[in-house]
Amino acid sequence: MYTSEGKLLAANSVDWASFMPDKLVPALGETLYMVSFTMLIAGFLGLVVGLLLYTTRQGNILANRFVNIVLNVVVNIVRPIPFIILLAALGPLTSMVVGTRLGANAAIFAMVFGATFAIARIVEQNMVSIDPGVIEAARAMGASKMRILFTVMIPEALGPLILGYTFLVIGVVDMSAMAGYIGGGGLGKVALVDGYQRFNEIITWSVVAVIIILVQLIQLVGNMLARKVMRR
Amino acid sequence: MTEDHIVSSRSAAEPMVVLSNVTKEFRVGKKTVTAVDHVDLTINRGEIFAIIGYSGAGKSTLVRLINGLESITSGSLTVNGFEVAGKRESQLREARTNIGMIFQQFNLMNSRTVAGNVEFPLKVAGWDKNKRAARVTELLEFVGLADKAKNYPDQLSGGQKQRVGIARALATSPSLLLADESTSALDPETTAEVLDLLKKVNHELGITVIVITHEMDVVSNIADRVAVMELGKVVESGNVYDVFSNPQTATAKRFVGTAVKTTPVGGEAAELKERHRGYLVNIEITEGNTSIGKVLSYLGSRNVSFNIVQGGLETLQGKSYGNLTLELIGDVISIDAAVAELKTVTRVQEVR
């Protein structure tokens, strides 16, 4: 084994002085880049699809059987596909849209695709818990559908929505690690290429440790925000 | 009491909500359920009108037809002359700002403060910020919760939540307030508080109130007129005293029975007869009937003595009504004469 400077390394030993700045830190940066862009785009798209799933339900403000069934079918088709397979299967589409199948941006495309539908379901599920009486009260006050959606439904479900999104950020971190497999870069790639494939368990586990810390931090922030919104 | 009723009966001439032949059907799977069945009803401006019925009687559906939360299947329903039937949601929106509504479960937004909840309908109605703030303060003072403006609903008691609900419903100065089982989730003491507030809304602000309830107490406490509903139909309606001092239908009689002891029947009658060997009769007491006392005071000179064994009296709209079960003791001929005499002054029923 050689480091970038050509030093010989035994399996299971790590030259931290070069591994940290050369591999781990840039990889962490790439992971954060992929996760945040994915969450930005998929977070928005998933919110839209999720709100449509919820509001087009029977008896809800935009009740529409056809739209509801179509959305449900689409979500149910995409959701069960294991992400690692979705990554490969989306290959041709990815190279058409992004121009390449490799790299962070290609990974983001596949991650957005997978995350949008997962987020849509989480959004729908959290919205369903809103007390229908509150919506009825808003209707009785003469509020329009859009006003009810944006000033009643979303604020009422905000706490659970934050927790749902937190759950999904962590899911996307997981996705980004898999994206390393198709050359997406990031922590996943380091763990896979520098750790697993070179039998260097220290690298594998140190990357795992970084991911664990990352996930803990995300959950901490999510919990804090949700607690602030729900005041408990 | 009397003065208020003069006011409300004087203004009672003007109809505010008029239902003509109103029917509401729901589709449940392949079946059609008729929740409101050819109802005719007129609610007058300035009165407190109660609709009483057991759950499933269709009263909550009926009240939702008034502000268009549910659409009318057939018939006509006007509020202040505005026809609600056949209107689209967007057309109903403006009408709704003139109709306040409060709910059994209060239906406050937990994500907003008390002030935020009361402010919401003002935002919907497009009030500007300064006017909104002043109005919210005024409303919270009216319901006695000025100090809770910055609290969240989950920090309030049930009674306080309902008072916020009332403040919110009154925000845009509606002429009509719909109260859907507004005290059913509250304990008796808080119920009285909320009912007093509804009376205040009616008397001080002149707002017409339609109260949906399954509690006889609510009706006898605040209503001027009442409609009794059963299986989607209005089976009895009229002045509260008239309906409940002389109930015609089994449903109305059952409601009266929850407020006062009525004529004993079945096991209760058998048990009474076991304990009292005399002849048991039930007599009806109505306001202003002084003849009963006269007849009873003469019974002694007719060789009949009596005991009062059971009964109940209640005051409705300042007038009393109820039932007394008497045990008459004496020989058969004297008792027959006494019963005959009682029958000339009130309704008498033998307890069987």
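Trainee: In what order do the six strands of the open sheet in chain B run?

Mentor: The order is 6-7-8-3-9-10, with mixed pairing. Strands pair when DSSP finds at least two bridges between them, and elements are DSSP runs numbered from the N terminus (helices are H or I, at least four residues; strands are E, at least two). This is a predicted model, where local features need pLDDT of at least 70 and side-chain atom pairs count only at pLDDT 80 or more, while totals for chains, interfaces and linings use all residues. Residues are numbered from 1 along each chain as its sequence is written, and chains are lettered from A and ligands numbered from 1 in the order in which they are written.

Trainee: OK, which are the edge strands of that sheet?

Mentor: Strand 6 (99–102) and strand 10 (233–239) of chain B, each of which pairs on one side only. From one strand to the next, the twist averages 15°.

Trainee: How many bridges join strand 9 to strand 10 in chain B?

Mentor: Six, and strand 9 (residues 225–230) runs antiparallel to strand 10. Look for Glu230(B), which stands opposite Lys233(B) in strand 10.

Trainee: Switching topic: how many residues of chain B are in contact with chain A?

Mentor: 17 residues of chain B, in contact with 17 residues of chain A. Contact needs C-beta atoms, placed from the backbone, within 7 Å. On the chain B side, helix 3 (89–96) and helix 4 (114–124) are the elements that give two or more residues.

Trainee: What's that side made of, by class?

Mentor: On chain B it has eight nonpolar, six polar and three charged residues. Nonpolar covers Ala, Val, Leu, Ile, Met, Phe, Trp, Tyr, Cys and Pro, charged covers Asp, Glu, Lys and Arg, and polar covers the others, Gly among them.

Trainee: Over to chain A, then. At what angle do the axes of helix 5 and helix 7 cross?

Mentor: At roughly 150°, and the axes of helix 5 (residues 103–128) and helix 7 (residues 145–179) of chain A come within 9 Å. Axes are lines fitted to C-alpha atoms, for helices over the stretch in contact, and angles go from 0 to 180 degrees between N-to-C directions. Helix 5 and helix 7 of chain A are therefore roughly antiparallel (that label takes angles over 145 degrees).

Trainee: Which residues make that contact between helix 5 and helix 7 of chain A?

Mentor: On helix 5, they include Ala107(A), Gly114(A), Ile119(A) and Met127(A). From helix 7, Met153(A), Pro160(A), Phe167(A) and Ala179(A) are among them. By class, the contact of helix 5 with helix 7 of chain A has 18 nonpolar, five polar and no charged residues.

Trainee: How far apart are the axes of helix 7 and helix 9 of chain A?

Mentor: The axes are 8 Å apart, and helix 7 packs with helix 9 (residues 201–230) of chain A at an angle of about 170°. Helix 7 and helix 9 of chain A are therefore roughly antiparallel to each other.

Trainee: What classes of residue are in the contact of helix 7 with helix 9 of chain A?

Mentor: 15 nonpolar, four polar and no charged. Helix 7 of chain A brings residues including Leu158(A), Thr166(A) and Val173(A), while helix 9 of chain A brings residues including Ile211(A), Gln219(A) and Leu225(A).

Note on methods: Contact = placed C-beta atoms within 7 Å. Parallel < 35°, antiparallel > 145°, perpendicular 65-115°, else oblique.
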